Amino acid sequence: MSKTTYDLKASIQAEPGNLINNLTEKILNTEQFDVDQLKRQNPLYNALIPHEILKTSHLERQFETLIGGVWESLAVVVAQHYLGFAQKHKRISGVIKQERLHRITETLNQLEFDQTDGNRVQPNWDRELEYILEGAGEEIPTQVICDLYVENTSNDSNYAFELKAPLPSSDQTKVSKEKILKLYAMEPRQIAHAFFALPYNPYGQRENYEWSVPARWFNMKEDRVVLIGDEFWDKVGGPGTFQVIIEIASEVGQGYKERIYREYLGTEPPTE
């Protein structure tokens, strides 16, 4: 581990630990899996699948519901340490020329709906932004609330991120793209850069990302406005940041794994 990474881990050890502690406590204290309800609502599941597996599936859904806010909070802690300032759900205000707003709507509609020939326009960030910025007209006051706002206090640059789950829905992605386009269309520009970011990549490498839903709105493998996994964490915390977070989570999580086995699944943890 490099000195920079070592210092980062030492600095954020306590806070991510608390965040992960809180996440696991919420999971253990939320609504437990109800076997009797399953028997009533889905007797075939009850007849064919062991309850322990269904409990695990229920736990996974609870975790996915709660984890989104934790990624944002972790990003705030990391960015504050590495860059100087970070805030969730920051309101950014500015003005956008009327024709630019019209072209943003036009661009999103083209991406969403099939054309007359039955084909759909493919996303291309650079081409879309160039077209939108050519728009003129009356200046319209506009506000955007971004998921994560970060300032590098050493050089006064700032960044906005739409931080979504690794498999985002189409509606989520569309709203995020509209926000990012508006941030780039503001004049004068209120942020240096804005990104659509995913906290990790379930497919491994960027070129292997295969979730097709956000591909309607972004070229997930090539658009420079997209950050996936390490690309995002390196931006807010420097190289190796994501590995540091996973190391901290692994240390904190060991004790909670045993509690989940005993308190949630009702069984003893494996002996290994």
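A residue is called buried when its relative accessible area is under 20%, exposed when that area is over 50%, and partly exposed in between, using a 1.4 Å probe and protein chains only. By this rule Asp147 is buried, and Lys164 is buried as well.

This is a predicted model, in which local features need pLDDT of at least 70 and side-chain atom pairs count only at pLDDT 80 or more, while totals for chains, interfaces and linings use all residues. Residues are numbered from 1 along each chain as its sequence is written, and side-chain values use heavy atoms, with hydrogens and water left out.

## Strands

Helices (H or I, at least four residues) and strands (E, at least two) are DSSP runs, numbered from the N terminus. Two strands pair if DSSP finds at least two bridges between them. Strand 1 (residues 84-97) and strand 2 (residues 139-152) run antiparallel and are joined by 13 bridges. One of the residue pairs here is Ile92 with Val144, the latter in strand 2.

Strand 2 is also antiparallel to strand 3 (residues 157-163), with five bridges between them. Asn152 has Ser157 of strand 3 as its bridge partner. Strands 2 and 3 make a hairpin with four residues between them, and Asp156 in the turn has a positive phi of about 65°. In a regular strand, side chains alternate between the two faces of the sheet.

## Salt bridges

A salt bridge is counted when a side-chain nitrogen of Lys or Arg is within 4 Å of a carboxyl oxygen of Asp or Glu. The structure holds 13 salt bridges. The table gives three of them.

| Pair | N to O distance |
|---|---|
| Glu187 and Lys97 | 3.3 Å |
| Asp147 and Lys164 | 3.0 Å |
| Lys182 and Glu178 | 3.3 Å |

The salt bridge of Glu187 and Lys97 ties together parts that are 90 residues apart in sequence, because Glu187 lies in the loop between helix 8 (170-185) and strand 4, and Lys97 lies in strand 1. Glu187 has 32% relative accessibility, so it counts as partly exposed. Lys97, at 21%, is also partly exposed.

Asp147 forms its salt bridge with Lys164, and this pair links distant parts of the chain: Asp147 is in strand 2, and Lys164 is in the loop between strand 3 and helix 8, 17 residues apart.

Lys182 and Glu178 both lie in helix 8, four residues apart, which is about one turn of the helix. Lys182 has a relative accessible area of 19% and is therefore buried, whereas Glu178, at 27%, counts as partly exposed. Salt bridges that share partners also join Asp147, Glu162, Lys164 and Lys179 into one network.

## Aromatic rings

A pair of aromatic rings is described by the distance of the centres and the angle of the planes. Rings of Phe, Tyr and Trp (its six-membered ring) pair if their centres lie within 6.5 Å; planes under 30 degrees apart count as stacked, over 60 as edge-to-face and the rest as tilted. The structure holds eleven aromatic pairs. In one of them, the ring centres of Tyr203 and Tyr209 are 5.4 Å apart and the planes are at 75°, so the pair is edge-to-face. Tyr203 has 33% relative accessibility and counts as partly exposed, whereas Tyr209, with a relative accessible area of 3%, is buried.

Phe232 and Trp233 also form an edge-to-face pair, because their centres are 4.9 Å apart and their planes are at 65°. Both Phe232 and Trp233 are buried.

A charge sits over a ring if NZ of Lys or CZ of Arg is within 6 Å of the ring centre and within 35 degrees of the ring normal. The charged end of Lys90 sits over the ring of Tyr149, 5.2 Å from its centre. Lys177 lies over the face of Phe218, 4.9 Å from the ring centre.

## A helix contact

Gln110 is in helix 6 (residues 98-112). With a relative accessible area of 31%, Gln110 is partly exposed. Gln110 and Arg120 are ten residues apart in sequence, and their C-alpha atoms are 7.2 Å apart in space.
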